[in-house]
Amino acid sequence: MRNLLLYCSKIGVTPFYSRNKGWWTHWVSGIMSLGGNIVNNKQSIFEEYHPLKALTVMAVPAVMSQLITLIYNIADTWFIGMTNDPGMVAACSLVLPIYMMVIVISNLFGAGGGSLISRLLGEKNETEAKKVFAVSFYMAVGVSVIFSGLTMAFCDPLLRLLGASSVTLGYGKQYLLYAVGIGGTFNVMSMVLSNLIRSCGYSREAGIGMSLGGVINIFLDPIFMFKVFPEGQQVAGAAFATMLSNIIAFGYFVVVCFRIRKKTVISVNLKEGLPRRKSVASIFGVGVPAAVAVLLFDVSSMVANKLMANHGDTALAAYGIVTKVERLPLNIGIGICLGMIPLVAYNYSAGNFKRMKSFFNWSRVLGLGIAVICVFLYFVGSREIMRFFIGNPETITLGTAFLKARCFATPFMFLCFNMVHYFNALGKGQVSFGLAFIRQLVFNIPIMLFLNRQFGAFGLVWTQLIADMFTVIVSYIAYGIFRPKPKQNLTMEG
């Protein structure tokens, strides 16, 4: 234990016993702070709270919203799996890359604008932060509307490109009509507003909004799938429930923004003027790499689904369930990273590099701990997990083997995401873009093609572990080169 504490001290996860308090005391204090008035204490979170307490305050709502989002995504698969129709389950896997484009757009303006707003707050430039908020909002609306229209115009060729069969094509169209064609813009704007208000310190409100949409979706899924929509259109029912829940979540964010607009930099008023050209460049400088990272992940998923579809609908259905199950530790890790971003960005601009480093290191400790626990649980309980989603024996057997292999990639996947979010917080979009490019186009897709040719479906499953092991090595080399290296800390750690 003594050696562990000394090591944590060296990497910046300190102090474990600051002011005679254990690290768990700061964690519990952070949990308790979530019930307080976060609005009035947002500057204290950035500047004064112990790093673990501040990260807890910012990350827990983000983690909860990520978990709720994951649960409603899994609920879709679970409810559709109740039909015991591999074609319906496979169709949901096929449309996932298209649906992921919603996250691409939200990252473009939510991650880009949010990171910049936190850095501007660190510089005490609230006037410019208001302008950045407004322009990020309106650009997100415009791009999301265009995307939804194009998706519906080219729905058939898109699904064919992804490997849709005559069976899965119809189900895929059912899902895209409601979830993307009609509801896509509301989904984008919910995620964008969640990122933007979190960047101002309102992590609790951001988390509630995303969680609200997820909870409503879970409640509406069985109603529309099995009561409202006729037999054979369960996929359409799930998509309609997703659309309606996103509309409600967007309404919540509109109300929140209106309520707190006078107390913060939240503004959608373009009459105050446009942000500086430098600020717009910074939005895209971080937003484009963040969006491209998701886009490349999306492309990689498309390639994997296309290759897996060649091994049959059963293999694709099993693979689709496994890729959703593995989202549990990853969504928790992403929530931790989302809570980390404003804290790192603010303190980077404020010049408090020691405090900034502590936030980064604590996020790694927490995320890796969750990942390792999930590896053990997934390996031991893989068959029971597959049985939870579908009753088809062949799919269960194949999915059990897939999950046992795939789970070992989880810690490495988190480290990849964590490093990308860290560089986004610093505004170093070129570095995060480089890491995303290397991860997917240099390692993942080429290794995937090779292993699929050599070992078939199981080669595809093992690809993620091998590719991310190489990516982690590259990312830490990048960290050594591009991390901030001040001659001395400008302020003392809070």
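Is isoleucine 266 buried or exposed, and what is its relative accessible area? In this predicted model, in which local features need pLDDT of at least 70, side-chain atom pairs count only at pLDDT 80 or more, and totals for chains, interfaces and linings use all residues, residues are numbered from 1 along each chain as its sequence is written. Side-chain values use heavy atoms, with hydrogens and water left out. Isoleucine 266 is buried, its relative accessible area being 4%, where buried means under 20% relative accessible area, exposed over 50% and partly exposed in between, for a 1.4 Å probe and protein chains only. The residue lies in the loop between α11 (234–260) and α12 (277–309); helices (H or I, at least four residues) and strands (E, at least two) are DSSP runs, numbered from the N terminus. Apart from neighbours within four places in sequence, isoleucine 266 is in contact with Phe133, Ile197, Cys200, Cys257, Ile260 and Arg261, contact meaning heavy atoms within 4.5 Å. Alanine 129 is 137 residues away from isoleucine 266 in sequence, yet the C-alpha to C-alpha distance between the two is 8.3 Å.

At the level of the whole chain, the secondary structure consists of 20 helices and 0 strands. Of the 494 residues in the chain, 61% are buried, and among contacts with a separation of 6 or more, 84% are accounted for by residues 24 or more positions apart. The chain exposes about 19,700 Å², of which carbon and sulfur atoms supply 67%, as given by the Shrake-Rupley method with a 1.4 Å probe, where for residues only the protein chains shown count as cover.

Two helix pairs illustrate the packing. Helix α13 (residues 313–325) packs with helix α16 (residues 382–389) at an angle of about 110°, the axes being 11 Å apart; axes are lines fitted to C-alpha atoms, for helices over the stretch in contact, and angles run from 0 to 180 degrees between N-to-C directions. Helix α13 is therefore roughly perpendicular to α16, given that angles under 35 degrees count as roughly parallel, over 145 as roughly antiparallel, 65 to 115 as roughly perpendicular and the rest as oblique. Ala318, Ile321, Val322 and Val325 of α13 meet Ile385, Met386 and Phe389 of α16 in this contact, whose residues comprise 7 nonpolar, no polar and no charged; Ala, Val, Leu, Ile, Met, Phe, Trp, Tyr, Cys and Pro count as nonpolar, Asp, Glu, Lys and Arg as charged, and the others, Gly among them, as polar. Helices α6 (residues 126–153) and α8 (residues 166–182) pack at an angle of about 160° with their axes 8 Å apart, and are therefore roughly antiparallel to each other. Their contact is made by Phe147, Ser148, Thr151 and Met152 of α6 and by Leu176, Leu177, Val180 and Gly181 of α8, with 5 nonpolar, 3 polar and no charged residues.

The chain holds 19 aromatic pairs, defined by rings of Phe, Tyr and Trp (its six-membered ring) with centres within 6.5 Å, planes under 30 degrees apart counting as stacked, over 60 as edge-to-face and the rest as tilted. Phenylalanine 379 and phenylalanine 408 form a tilted pair, 5.7 Å centre to centre with 55° between the planes. This pair links distant parts of the chain, 29 residues apart, with phenylalanine 379 in helix α15 (residues 353–380) and phenylalanine 408 in the loop between α17 (393–406) and α18 (410–425). Phenylalanine 379 is partly exposed at 38% relative accessibility, as is phenylalanine 408 at 34%.
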